[in-house]
Amino acid sequence: MRNLIEFLVKYSSAFLFTFLCVISLVLLFSNGRYLPSIWFSSANGISSSVYGVSRGITGYFYLKEINEQLQQNNARLENEVLNLKNQIAEYRSVLSDSADFVPTEKRYGYVLATIINNSTQHARNYFTINKGSQDGIKAGMGVVNQNGVIGIVDVVGKKTSRVMSILNTNQHISARIKGTETVGSVVWKGSDPTIAYLEEVPKHAVTHIGDTVVSSGFSTSFPAELPIGVVMGKVRTVNENYYTLKVRLAGDIKKLSTVRVLTDNLKEEIDSIRGLSE
């Protein structure tokens, strides 16, 4: 008993302090509204911040999936536009001759692919995609992204394929000035990765800075009207019958990530007919 009394006396100050603190807190939170509101507001603010950070982190990990979905939707819509343009052209060419014209099935399709590696610093550049013969990829198929033409499939493996980039001095892409019949060949000179040249433009052709260069449709690699670049000006040439146009390419080839390989249901038939006529 004596030890208990000595213990209470020894720590009486601490007990008294604790007791008074408890009484003070009870009085504050039971009779006042201001401090409890601050407490709960602060707690709510902290929890909101935590939830905000959590949503940000979760959203970041979903970005890849969202981007792939957007690429799929964009590719599907552009593919539908290509097929509609093809059907319109068919109607225009034969509707006046036949009232019983039946349009063909959709001519163009696509295979969505991801870039595995890409080069832009050489004279002859290529990039590799993660799709091959098992996915329906064949040599000669055109490759585009959301900005326009970027290359043609060169070598095909089972699961991967090599694409000859538009930034390749051996690459020649049939093109024309949009809205005109002016046709030429787009080539890259091996220096600036953003600049190419439209060669073999007839001297009599009227062109302007800002004109859009698009695919001509004369090749089975690309349908007509796909963007390639914008005219920056004329370049002097030694040929008296033709001149060359400097073209700013539509897309940044260095930043390639997701691309589309174009499929053409008539490609093999057209190529075989062309082979017989040559």
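**Notebook: one chain, looked up piece by piece**

**Entry 1: Thr180.** I opened with Thr180, which counts as partly exposed at 23% relative accessibility. For the terms, buried means under 20% relative accessible area, exposed means over 50%, and partly exposed is in between (1.4 Å probe, protein chains only). Thr180 sits in the loop between β6 and β7 (183–187). Strands here are DSSP runs (E, at least two residues) and helices are DSSP runs too (H or I, at least four residues), numbered from the N terminus.

**Entry 2: ground rules.** This is a predicted model, where local features need pLDDT of at least 70 and side-chain atom pairs count only at pLDDT 80 or more, while totals for chains, interfaces and linings use all residues. Numbering starts from 1 along each chain as its sequence is written, and side-chain values use heavy atoms, with hydrogens and water left out.

**Entry 3: confidence.** pLDDT is the predictor's confidence in each residue, from 0 to 100. The chain averages 79, and 63% of its residues score at least 70. Which element has the lowest mean pLDDT, and which the highest? Helix α3 (residues 34–94) has the lowest, at 59, and strand β5 (residues 161–168) has the highest, at 96.

**Entry 4: the barrel.** I traced the strands next. Six of them form a closed barrel in the order β1-β2-β5-β4-β3-β12, with antiparallel pairing. From one strand to the next, the twist averages 45°; axes are lines fitted to C-alpha atoms (for helices over the stretch in contact), and angles run from 0 to 180 degrees between N-to-C directions. Two strands pair if DSSP finds at least two bridges between them. As a reminder to myself, strands of a sheet pair through backbone hydrogen bonds, either parallel or antiparallel.

β1 pairs with strand β2 (residues 124–129) in the antiparallel sense over three bridges. Asn117 has Thr128 in β2 as its bridge partner.

**Entry 5: strand β3.** How many bridges link β3 and β4? There are four, antiparallel, with strand β4 spanning residues 148–156. A hairpin of two residues joins β3 to β4, and Val143 is bridged to Gly151 in β4. β3 also pairs with β12 in the antiparallel sense, over two bridges. Here Val144 has Arg260 of β12 as its partner.

**Entry 6: salt bridges.** How many salt bridges does the whole structure hold? The search finds five, counting a side-chain nitrogen of Lys or Arg within 4 Å of a carboxyl oxygen of Asp or Glu. I checked three of them, listed here.

- Arg107 and Asp264 meet at 2.8 Å, N to O. Arg107 lies in the loop between α3 and β1 (108–118) and Asp264 in strand β12 (residues 258–264), so the pair ties together parts that are 157 residues apart in sequence. Arg107 is buried at 15% relative accessibility, and Asp264 is buried at 12%.
- Asp154 and Arg162 have their closest N and O atoms 2.2 Å apart. Asp154 is partly exposed at 27%, and Arg162 is partly exposed at 32%.
- Arg176 and Glu225 meet at 2.0 Å, N to O. Arg176 lies in strand β6 (residues 173–177) and Glu225 in the loop between β9 (212–215) and β10 (227–235), so this pair ties together parts that are 49 residues apart in sequence. Arg176 is buried at 13%, whereas Glu225 is partly exposed at 23%.

**Entry 7: rings.** I searched the whole structure for aromatic pairs and found zero. The test takes rings of Phe, Tyr and Trp (its six-membered ring) with centres within 6.5 Å, and calls planes under 30 degrees apart stacked, over 60 edge-to-face and the rest tilted. Charges over rings did turn up: Arg162 lies over the face of Tyr126, at 3.9 Å from the ring centre, and Lys234 lies over the face of Tyr243, at 4.5 Å. Here NZ of Lys or CZ of Arg must be within 6 Å of the ring centre and within 35 degrees of the ring normal. Arg162 is also the salt-bridge partner of Asp154.

Entry 8: Glu225 has a positive phi of about 80° although it is not a glycine. Glu200, in strand β8 (residues 195–202), is another non-glycine with a positive phi, of about 65°.
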